[in-house]
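Hello,

Here is the structure I said I would pass on. My notes on its aromatic rings and one of its helices follow below.

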Amino acid sequence: MNIAFWSNVRHQSGVTSGVALMSVLWAELFVEEVAVTSNHICNYGLIRRLQGGTEYEERTAKKAYNYILGEPEYFRMLYGEKLRIPLFLNDSLSYVPMEGDGVELFGTNGLSGINNRKRREEFLFIDTACGYGQCSQKILEEAELTVVMFPDSRESIDEFFQSESPLAENSFFILGNVPREAVCRPSYLTKRYGIPEERIGLIPYNSGFEQAMKDGTTIAYITGNMYCSKRNSAYHWIYSAKKTVKRLREYVIKRRGLCGEYERASEKEYDGE
């Protein structure tokens, strides 16, 4: 299933960090295969944020993708010549480089270049950032679900809904990088725009997580605080994030009409205090 993450505001909503956080939590809590990818290049690429991969490793992976684009060995694991980079949890989470090497990597092909190269049971989280180009728009059109991320700004939310975007109807919404003294709460989307509570999540701002994203220790930081005590400064952040990913997954199941299919005996107990 293709899930595209997008925002209508640049550098404020935390789209890339949202993809990183939701994917690690999804793979860890639900023990389901998740792949992450991005259709753009930035100074701190997605893989480098997750596990500290170098620019060389990222570009090598992209060259490998171009080289074996038409071959069936999609899950080749030879490091430096592979199409995906396993990240952790017995390959439950992996990074999939996209074809190309431009600002928007897919060209105008949307998701057609990867749909037949991922496992059916795999969830592909796509970081489109604040993409308004033809590539990103095509990905948003083709994705089975879009996650729209908003900053702590009523103006940004109002602008999105007043534009009558087609994404408003069935998307899942996340308020990202929300400070403790927030201007906007999930209730704003519910009361003003009638968005059901089950389609809204929240990711509080956390300075430790922000630093981990810069240092390339994101996976270690998330898993290290997964079950931290309430006295830990990361508790509020990880509790809200786990609540959000659980709600996102429930909405995915509801959207696909597959209630029960993803419920697995191996699923770890969710701390829903």
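There are 17 aromatic pairs in the structure; rings of Phe, Tyr and Trp (its six-membered ring) pair if their centres lie within 6.5 Å, and planes under 30 degrees apart count as stacked, over 60 as edge-to-face and the rest as tilted. One of them is the tilted pair of Phe5 and Phe125, with 5.4 Å centre to centre and 40° between the planes. Phe5 belongs to strand β1 (residues 2-6) and Phe125 to strand β5 (residues 123-127), so this pair ties together parts that are 120 residues apart in sequence. Helices (H or I, at least four residues) and strands (E, at least two) are DSSP runs, numbered from the N terminus. Phe5 and Phe125 are buried, meaning under 20% relative accessible area, with exposed over 50% and partly exposed in between (1.4 Å probe, protein chains only).

This is a predicted model: local features need pLDDT of at least 70, side-chain atom pairs count only at pLDDT 80 or more, and totals for chains, interfaces and linings use all residues. Residues are numbered from 1 along each chain as its sequence is written, and side-chain values use heavy atoms, with hydrogens and water left out.

Arg249 lies over the face of Phe30, 4.3 Å from the ring centre; the criterion is NZ of Lys or CZ of Arg within 6 Å of the ring centre and within 35 degrees of the ring normal.

After helix α9 (residues 235-256) comes Gly257, with a positive phi near 65°.

Regards

How values were computed: Expected span 1.5 Å × (residues − 1).
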